[in-house]
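Take a walk through this fold with me.

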Amino acid sequence: MSSVVIIGGGPGGYEAALVANQLGADVTVVDRDGLGGSAVLTDCVPSKTLIATAEVMTDMSSAAELGINFHDAQGDTATGIRVDLAKVNARVKALANAQSADIEDRLTRRGIRIVKGVGRLGKGEGRGGGEVVATRPNGTEESIHADAVLVATGAHPRVLPTAQPDGERILTWEQVYDLTETPSHMIVVGSGVTGAEFASAYLALGVPVTLVSSRDRVLPGEDADAATVLEDVLERRGMTILGRSRMQSVTRDGDTVTVTLTDGRTVTGSHCILALGSIANSAGLGLEEAGVQLDDGGFIRVDKVSRTTAPGVYAAGDCTGGFMLASTAAMAGRIAMRHFLGDAVQPMDLKQIASNVFTSPEIATVGWSQAAVDSGEIQADVVKLDLRGNPRAKMQGIRDGFVKLVARPGTGVVIGGVVVGPRASELIHPITLAVAANLTVDQVANAFTVYPSLSGSVAEAARRLHQV
């Protein structure tokens, strides 16, 4: 029986453990923070739970347009809604902890051994196997034999010497769930996915928000049309967006936080979220000593089946950089174990990865982008269909958003797509299936859709790309 040791219990680690167990390996997971990792405990699950509350606030704010009005016990018209952030965050943390416990229970019931502690590569990594040294919280160490090791240690928020979080007013995205009071003015530094999501969420919760962006627009890495829609919506709802504004420092004086920009301007608020990117958790693991190569940013280099440059050592998840998503971490972990244990394996195709930005509206993408088409990197036809013409969208009061399809000229094979709108994370799935299965626009168009439905816009966009 092969022995597998997994360092890290996030999606890349626990999903790999389940696959390795299913394939007959003896599996040990060395986990430091709790099963589920940051994705479950401090990042994905908590942030999306917070955003779910914000979505309810957004829906309620537009209820009057649909003919729904709120009244108090005396029959007077209610003029506003408020969030109890202490209750929201208590629910967020409770759900995260419950999810972590569920994952641990699942692994335990399958016979997977869990060691609480910090893992590092020991001596002897290579084709003949090696060992992982686990250091428990009480300082004791255990050496665990491993025929193969999977490193799935994740990443942590990047901070700067001039912008140090204090966990109270100056926060990383992992620290916001300890807030018990609603901020009077939230400043978000960073306009990538994390910054945009938190800025959108707190705005929906009724908090004045200023978003500091060093780039020309919000979400510089996403579809330009989608980013424009989101920026227009956020500004219309009252957000202040400072484009081309680079943060120099963040300081606190009592209850006031000041963000100083490189051009000398200052922004003051009650709280600040730093969304400055991520740093791989790759230090202190004995990686380089074992022959594992890191890139200049400290991320672990892997091939398409999750192998590192050291024989018998695999890596998956945020510690490898690239698409830093829970779904890709889980897939990379599964692929690693299938490869090592001799099961059928298919390398990950980055052009089949669906991703979503959980702003309001959401932005979901898959496959080849409009930017790649515009730059000449690939030849394709593109059609963009606004949701405002969709009958279901009209019924629900949806005015902002669109469906975009990217297809090969001549064959009509769907190779990409973008959805902007409520629940775009759900609506992207038929496009993802089309990309994965090499479906043509005619095949997508000829599949039945429910009337009325937002998915009808996917079929309509496909019809407009019909190859005559």
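Buried means under 20% relative accessible area, exposed means over 50%, and partly exposed lies in between (1.4 Å probe, protein chains only). Helices (H or I, at least four residues) and strands (E, at least two) are DSSP runs, numbered from the N terminus. This is a predicted model, in which local features need pLDDT of at least 70 and side-chain atom pairs count only at pLDDT 80 or more, while totals for chains, interfaces and linings use all residues. Residues are numbered from 1 along each chain as its sequence is written, and side-chain values use heavy atoms, with hydrogens and water left out.

Start with helix 3, residues 44-61. Its buried residues are Pro-46, Ser-47, Thr-49, Leu-50, Ile-51, Ala-54, Glu-55, Met-57 and Thr-58. What covers them? Helix 2 (37-41), helix 4 (85-109), helix 5 and strand 20 are among the covering elements; contact here means heavy atoms within 4.5 Å. The length of helix 3 also checks out. The expected span of a helix is 1.5 Å times one less than its number of residues.

Move on to helix 5. It has 12 residues and reaches 17 Å from its first C-alpha to its last, close to the expected 16 Å. Nine of the 12 residues are buried, so helix 5 is largely enclosed by the rest of the structure. The buried set is Gly-195, Ala-196, Glu-197, Phe-198, Ala-199, Ser-200, Ala-201, Tyr-202 and Leu-203. Gly-206 follows the helix, with a positive phi near 95°.

Helix 6 covers residues 224-236. At its start, a side-chain oxygen of Asp-223 comes within 3.0 Å of the backbone nitrogen of Asp-225. Ala-226, Ala-227, Val-229, Leu-230, Glu-231, Val-233 and Leu-234 are buried. Their cover includes helix 5 (193-204), strand 12 (240-242), strand 20 (362-367), strand 22 (402-407) and strand 23 (414-421). After helix 6 comes Gly-238, whose phi is positive, near 110°.

Now the charged side chains. Side chains of opposite charge can pair when their charged atoms come close. A salt bridge is a side-chain nitrogen of Lys or Arg within 4 Å of a carboxyl oxygen of Asp or Glu. The structure holds 24 salt bridges. One of them joins Arg-120 and Glu-141 (3.5 Å, N to O). Arg-120 lies in strand 4 (residues 118-121) and Glu-141 in strand 6, so the pair ties together parts that are 21 residues apart in sequence. Another pairs Arg-252 with Glu-168 at 2.8 Å, N to O. That pair links distant parts of the chain: Arg-252 sits in strand 13 (residues 247-253), and Glu-168 in the loop between strand 8 (155-157) and strand 9 (170-172), 84 residues apart. Arg-252 is partly exposed at 33% relative accessibility, and Glu-168 is partly exposed at 49%.

Asp-303 and Arg-307 also form a salt bridge (2.7 Å, N to O). Shared partners join a further set, Arg-113, Arg-136 and Glu-142, into one network. Glu-142 is found in strand 6 (residues 141-146). At 18% relative accessibility, Glu-142 counts as buried. A polar contact is a pair of N or O atoms within 3.5 Å; within protein, one must be able to donate a hydrogen and the other to accept it, and residues adjacent in sequence count only if both atoms are side-chain atoms. The side chain of Glu-142 makes such contacts with the side chains of Arg-113 (2.9 Å) and Arg-136 (2.6 Å).

A polar side-chain atom of Asp-31 lies 3.3 Å from the backbone nitrogen of Leu-35.

Finish with the cysteines. A disulfide is a pair of cysteine sulfur atoms within 2.5 Å. A search of the whole structure finds zero. The sulfur of Cys-44 is 17 Å from the closest cysteine sulfur, in Cys-319, too far for a bond. Cys-44 is partly exposed, at 30% relative accessible area. Cys-272 is buried, at 0% relative accessibility.
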